[in-house]
Amino acid sequence: YRFFGEPVVEACVENGASCIDISGEPQFLEGMYLKYNERAAEKGVYVVGSCGFDSIPADMGVLYTRDKLKGTLTAVESFLSVKSGPEGLGVHDGTWKSAVYGLADEASLKKLRKQIGYAPVPVVGAKLKKRGFMFYSPEFKEYCLTFMGSDGSVVKRTQRYLHTELQQTPVQYGAYVTVGGLGSVIKLMFLGMLFLLLVKFNFGRKLLTKYPEFFSAGRFSKKGPTQKQMDGTSFTMTFFGEGYSEGQDPQNSKPNVKICTEVKGPEPGYVATPIAMVQAGLSLLEDSAFLPKQGGVYSPGAAFSKTKLIDRLNKRGVEFSVISKPEV
């Protein structure tokens with residue numbers, strides 16, 4: 001999207017067509033907001049980015065958790081687990097390239113955010129504690145890492161919109177991914193340090209993009225996954241939410257309710273993503289009365305919070321459910 005996405009957005013906005021994409025690149029997503037939000041509003045069209053995996057499960061999962069809690073949800077942590085069959089995982093190198101170029105150009109994202117001049121999102125209730133980059137989770141009995149994808153930025157944009165435009169209580173959010181036992185952690189740390197070292201240099205980036213299979217221990221390739229790999233892979237995103245029961249003041253007390261929800265589905269990149277994308281498109285077309293009042297560039301949760309998108313996804317195999325109900 002960094003190299004090829006903008007002409008599509010520009011053409012859609014100028015010709016009065018709404019559009020969605022499956023980008024996971026914060027710099028592209030927020031750059032389109034800066035450049036086209038006002039023009040899209042004038043034209044009455046909706047530009048909704050990141051309508052695939054993993055931002056639809058994350059962003060809509062936070063809203064689903066909020067709606068299922070009786071009271072005020074103030075903080076959520078999500079944990080992504082991807083399970084594969086005997087053939088292992090496979091991902092096309094397009095995703096790999098997005099990560100290479102995104103990390104190499106991190107400074108530009110900071111400049112872009114300064115240009116946009118985002119209003120700060122207030123912290124309501126107890127501040128969500130930041131975890132270390134790597135930690136052991138007793139709930140999953142696995143080591144976990146901070147999730148490096150776009151979920152954190154997408155959810156924050158949604159929460160900012162819902163707070164400023166609809167006066168809803170903003171939810172703090174932390175995104176993590178489970179990685180397995182100590183052996184997996186050591187392997188990942190070695191590959192991660194090598195990646196971060198090489199991504200800083202032009203020569204290193206050329207090596208990373210030319211030999212994705214070697215530098216990702218076989219997970220990313222120019223061929224992408226086989227049908228058997230896709231058939232054997234699934235994902236689960238678990239949300240742990242906390243908040244305040246009805247009548248409890250979030251500003252003067254500790255959280256007193258918890259909830260656990262889940263979004264699960266088939267292979268994320270090539271099965272769940274097209275399901276999410278198509279259902280987002282149908283929501284734009286068929287739930288138009290429930291979209292934001294004016295056009296613009298939106299995150300999925302901002303665009304679809306009042307639509308039937310979650311119901312649509314549930315019927316197509318990307319399932320949202322409550323694991324444990326809130327208990328005071």
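Tutor: The side chains of Lys97 and Asp93 meet in a salt bridge, 3.7 Å from N to O. A salt bridge here is a side-chain nitrogen of Lys or Arg within 4 Å of a carboxyl oxygen of Asp or Glu. Before we go on: this is a predicted model, where local features need pLDDT of at least 70, side-chain atom pairs count only at pLDDT 80 or more, and totals for chains, interfaces and linings use all residues. Residues are numbered from 1 along each chain as its sequence is written, and side-chain values use heavy atoms, with hydrogens and water left out.

Student: Where do Lys97 and Asp93 lie?

Tutor: Both are in helix H4, residues 93–104, and sit 4 residues apart, about one turn of the helix. Helices (H or I, at least four residues) and strands (E, at least two) are DSSP runs, numbered from the N terminus.

Student: Is Asp93 buried or exposed?

Tutor: Buried, at 4% relative accessibility. Lys97 is partly exposed, at 32%. Buried means under 20% relative accessible area, exposed over 50%, partly exposed in between (1.4 Å probe, protein chains only).

Student: How many salt bridges does a search of the whole structure find?

Tutor: It finds 12. One of them joins Arg131 and Glu77, at 2.9 Å, N to O. That pair links distant parts of the chain, 54 residues apart: Arg131 is in the loop between H5 and strand S5 (134–137), and Glu77 is in strand S3 (residues 72–83).

Student: OK, on to H5. Which of its residues are buried?

Tutor: Leu109, Leu112 and Ile116, in a helix that runs over residues 106–116. Seen down the axis, the buried residues fall within an arc of 60°, so they line one face of H5. The arc is that of the directions from the helix axis to the C-beta atoms.

Student: And what is exposed on the other side of H5?

Tutor: Ala107, Lys110, Lys111 and Lys114. Helix H2 (26–43) is included in what covers the buried residues. Just after H5, Gly117 takes a positive phi of about 65°.

Student: Switching to cysteines. How many disulfides are there?

Tutor: The structure holds 0. The cut-off is a pair of cysteine sulfur atoms within 2.5 Å. For Cys12, the nearest cysteine sulfur is that of Cys19, 4.1 Å away. For Cys51, the nearest is also that of Cys19, 9.3 Å away. Cys51 counts as buried, at 0% relative accessibility.

Student: Last topic, the largest nonpolar core. Which residues touch the most other members?

Tutor: Met60, Phe304, Leu313, Val318 and Phe320, out of 46 residues. A nonpolar core is a set of buried Ala, Val, Leu, Ile, Met, Phe, Trp, Tyr and Cys residues joined through side-chain atoms within 4.5 Å. Helix H3 (residues 55–68) gives the most to this core, with 6 residues.

Student: What does Leu313 touch?

Tutor: Ile56, Ile275, Ala276, Gln279, Val318 and Phe320, not counting residues up to four places away in sequence. Contact means heavy atoms within 4.5 Å. Gln279 itself lies in helix H11, residues 268–286, and counts as buried at 5% relative accessibility.
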